[in-house]
Amino acid sequence: MKITVTTHDDHLFVLDISEDLELINFKALCEVETGIPSQQTGLTHNGQLLVDDFSTMKNLGVHDGDVIIIQKFSGSTTAMDQSFSSSSNNSLPQFDFSRIQVPGTSNSNSSSTRQNQMQDAEYVKKLFLSSPEQLALLKQNNPRLADTLSSDRIEDFAKVMAEQMEERDKREDQRIRIMKAHPFDSEAQKLIAEEIRQKNIEANMEAAMEYNPEMFGTVVMLYINCKVDGYPVKAFIDSGAQTTIMSSACAERCNIMRLVDTRWAGLAKGVGVQKIIGRIHMVQVAIENDFLTTSFSVLEDQPMDMLLGLDMLKRHQCCIDLEHNILKIGTTGTETPFLPESELPDCARLTSSSDQNLSKKEEKELKKVLDESKKVQQNSSNRSGSSHSYKETDIVELINLGFSREQVIQELKRFNGNKNEAMASLFAKILKF
């Protein structure tokens, strides 16, 4: 398990240890990292001083992802214990992490508890921001929590941290409860299998981070500078696209919308579906000193200005040279470099604000549709359960035979309102031995 350790001077580091490691050996590891003799240090976990040197970290209540604070004392261990017992409020750190380990618990003074949680979250946030190494590790292991660090709202960071700690505690309690009650039960075996699977995933990710760290980086899309009818455009090179595409906004900007042939309108299907306004049959595209002719399919809601597809690349025998980061035009021998990340348009960035706004808009629309679907389903179920298109005379006639109204409606529903079949079914049920 991984334990985050911080010192009084805000030095932060992570130790990967076994849960069976004794406290005295853990102090030795901290001494190697900090250079502070273990006899002059006190370790606090959730506001409590760890004093039993020969107890394991598991028995001391330390779990994976917990925070341990190193407090330096002058003098021997006895003096440290006396100092801690006499002035516990002064020697302990200002922030008590035990208050944020189990969020949502009932407390008479909820407002003060929330304020303390906010202070603790702010302190942890400052620790991560002051350590670039731990911040990079957090982005790899916990991207959701790392995303909230860039926000100015400390409430977002505190909320995510509290939710994750609560989820971890619930998962741990469930595991312990199942293992103690029925270790060979099917649910316990599923839990064990899930833990093994999760450990294999973590081991696979750690191996990838150690031997192939470049896999976790973002790939810059291939764009080049060109001109369409004299107007500068950043074109995306996509060898997986069948045709060359231009957005309607870019066509308007380049003043070639007048050439669109609407007889070629239709739908473009790929990752999504977009409407094709029409086709421009021939346009000159200037790449470096070359003027190449190509055709465009104009799309209505295309975020990219222009996309050079396989038809144009094959026609001019283009070669994507990733070794030298250039695009070679085989018919003319011209070379043009791919744009660096700083010159890419906003639509090419994975974390652009437009993408975030679009995803939020899609989530709202999806939620709205789901809510409307639930309402319709509830209304239909209420109508089907209470009032059917059955004749009231049939219902009364069957009730007079000694059956309840619920039984009559249920049998009529079963036989689609057929009174005779419902009557036979009702008598068959009461005559059954």
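The model is predicted, so local features need pLDDT of at least 70 and side-chain atom pairs count only at pLDDT 80 or more, while totals for chains, interfaces and linings use all residues. Residues are numbered from 1 along each chain as its sequence is written, and side-chain values use heavy atoms, with hydrogens and water left out.

**Rings**

Let us begin with the aromatic side chains. Rings of Phe, Tyr and Trp (its six-membered ring) pair if their centres lie within 6.5 Å; planes under 30 degrees apart count as stacked, over 60 as edge-to-face and the rest as tilted. The count here comes to 1 aromatic pair. Tyr223 and Phe236 have ring centres 5.2 Å apart and planes at 35 degrees, so the pair is tilted. Tyr223 belongs to strand 6 (residues 223-228) and Phe236 to strand 7 (residues 231-237), and the two are 13 residues apart. Helices (H or I, at least four residues) and strands (E, at least two) are DSSP runs, numbered from the N terminus.

Are these two residues buried or exposed? Buried means under 20% relative accessible area, exposed over 50%, and partly exposed in between (1.4 Å probe, protein chains only). Tyr223 is buried, at 1% relative accessibility, and Phe236 is buried too, at 7%.

**Salt bridges**

A salt bridge is a side-chain nitrogen of Lys or Arg within 4 Å of a carboxyl oxygen of Asp or Glu. By this rule there are 12 salt bridges, including those in the table.

| Salt bridge | N to O distance |
|---|---|
| Glu166 and Lys170 | 3.6 Å |
| Arg197 and Glu194 | 2.8 Å |
| Asp305 and Arg253 | 3.0 Å |

Where do Glu166 and Lys170 lie? Both are in helix 7 (residues 154-181), 4 residues apart, about one turn of the helix. Glu166 is partly exposed at 28% relative accessibility, whereas Lys170 is exposed at 55%.

Arg197 and Glu194 are 3 residues apart in helix 8 (residues 186-211), so about one helical turn separates them. Arg197 is partly exposed at 43%, as is Glu194 at 37%.

The bridge between Asp305 and Arg253 ties together parts that are 52 residues apart in sequence, because Asp305 lies in the loop between strand 11 (290-299) and strand 12 (306-308) and Arg253 in helix 9 (residues 248-253).

Finally, a network of salt bridges links Asp66, Arg168 and Asp169.
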